[in-house]
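Trainee: I want to learn to read a model feature by feature. Where do we begin?
Mentor: Look first, then ask.

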Amino acid sequence: MRLVVQNDKKGRLRLRGARLQGARLRRARLRGVVAVLAVAAIASGCAQGGIAGQPGGGSPAAGPVPSRSADAPASPPQGTRTPDSTRRPDGTRAPDGRRPQSAQQAHAARVAAARRWRLARVPLVPPPPPRSKPEITTRKGFEVDGHEELGLPPVFTTVPTTRKIVFLTIDDGAEKDPAFLRMMSDLKVPYTAFLSDYVIKDDYGYFERMRRTGTGLHNHTLHHRYLPALSYRRQQYEICGMQDVMEERYGVRPALFRPPFGNYDRDTLRAARSCGVRYVPLWNEEVFVDHWEYREWDRKIRPGDIVLSHFRGRGEWKGTMPDMIRRFLDKVTAEGFAVARLEDYL
């Protein structure tokens, strides 16, 4: 009996071993199939989305922001460009060194950001900066005596381009709303700041955080005086003194200067040139929380227009800086304009 039992036990052991070996073979085959499918999926994803800046990449066109109950589009329309979300507007790599997002990821992120900030549409992505910068000249009627002969900085309200882009510029620095920084970083909308020392000196760090995102910080004088009423030396003190502050605090002497109120004379431009200023951009439109104002009679936005706003909050406006940005973006996007970085065209 024990022999029979022993023989049966050996048989059962052999049968169990065969079963285990078969299970191992089936698991190995399954892992092989999964690996093949994974490789195929990755290859398909690369072919469809690609890496930002490489063939096959794309980005969202303007369109209504999907409602919270709707699914975001799986991929952006073909033929559009995807921004490298790990690069700042000046083209430098983000400090964490992450790899660029795919077209689908970048599009989904922009849709989500537009929804979070309650925009009517997803903002358009600007085209790459031009290889050849446009020639910037003084707008007719904005010259001073001897403007060209003295080689004074050009004064302009629009950058010559046929691209449907506008440039957002924000003046002074009085309001330091952290929600504004979050919004602009989240949406990846470029802008240029013109700062006055008397309102930024209580929090230089706020604008340092702004600078680290690639935003250009430029000169709006020390004390925001009406410059034509001042002597040449006093104007030079206001402009060059602010150059010194910017160099000390942010490590750069700005190339751009905007006179307070948009008022200047020949001494203003001479003083600006003496301390390294190369351009004097004014503006063609101004946006507030609750309305727009226009320089042109037909009240239309044109390609290359410079738009002005201010660092203001509820103390002086009927809303916040994010409210102003929402009004700005909803209008320009609805009219088919992207927001580009002014420094990229100068």
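Trainee: By class, how many nonpolar, polar and charged residues does the lining of the largest cavity have?

Mentor: Some ground rules before that. This is a predicted model, where local features need pLDDT of at least 70 and side-chain atom pairs count only at pLDDT 80 or more, while totals for chains, interfaces and linings use all residues. Residues are numbered from 1 along each chain as its sequence is written, and side-chain values use heavy atoms, with hydrogens and water left out.

Mentor: Now the cavity. On a 1 Å grid over the protein atoms alone, a cavity is a set of points where a 1.4 Å probe fits but cannot get out, and lining residues have an atom within 4 Å of a point. Ala, Val, Leu, Ile, Met, Phe, Trp, Tyr, Cys and Pro count as nonpolar, Asp, Glu, Lys and Arg as charged, and the others, Gly among them, as polar. Here the lining has 7 nonpolar, no polar and 2 charged residues. Arg110, Pro123, Leu124, Pro126, Leu187, Lys188, Val189, Pro190 and Val339 form it.

Trainee: How many helices and strands does the protein chain have?

Mentor: Helices (H or I, at least four residues) and strands (E, at least two) are DSSP runs, numbered from the N terminus. The chain has 8 helices and 9 strands.

Trainee: What share of the residues is buried?

Mentor: Buried means under 20% relative accessible area, exposed over 50%, and partly exposed in between (1.4 Å probe, protein chains only). Of the 346 residues, 48% are buried. For contacts, the test is heavy atoms within 4.5 Å. Among contacts between residues at least 6 apart in sequence, 69% join residues at least 24 apart.

Trainee: What covers the buried residues of H6?

Mentor: First, the general idea. An α-helix has 3.6 residues a turn, so residues three or four places apart point the same way. In H6, the buried residues include Tyr232, Gln235, Gln236, Ile239 and Cys240. The cover includes strand E3 (192-195), helix H4 (197-200), helix H5 (204-212), strand E4 (216-219) and helix H7 (266-274). Take alanine 271, which sits in H7. At 0% relative accessibility, alanine 271 is buried. Apart from neighbours within four places in sequence, alanine 271 contacts Tyr232, Gln235, Gln236, Ile239 and Cys240. Its C-alpha is 6.8 Å from that of tyrosine 232, 39 residues away in sequence.

Trainee: At roughly what angle do helices H3 and H8 cross?

Mentor: Axes are lines fitted to C-alpha atoms, for helices over the stretch in contact, and angles run from 0 to 180 degrees between N-to-C directions. The axes of H3 (residues 178-187) and H8 (residues 321-334) cross at roughly 35° and come within 8 Å. H3 brings Ala179, Phe180, Met183, Met184 and Leu187, and H8 brings Met321, Pro322, Ile325, Arg326 and Leu329. By class, that contact has 9 nonpolar, no polar and 1 charged.

Trainee: Is glycine 304 buried or exposed?

Mentor: Buried, with a relative accessible area of 0%. Glycine 304 lies in the loop between strand E7 (292-294) and strand E8 (305-310). Its C-alpha is 5.0 Å from that of valine 166, 138 residues along the chain. Proline 303 is in the loop between E7 and E8, but is partly exposed at 28%.

Trainee: Which value of phi does arginine 299 have?

Mentor: Most residues other than glycine have a negative phi. Arginine 299 has a positive phi, near 55°. Arginine 299 is exposed, at 53% relative accessible area. Arginine 118 also has a positive phi, near 60°, and is exposed at 57%.

Notes: 1 Å grid on protein atoms, 1.4 Å probe; cavity = no way out; pocket = protein on both sides within 12 Å on 5 of 7 lines; lining within 4 Å.
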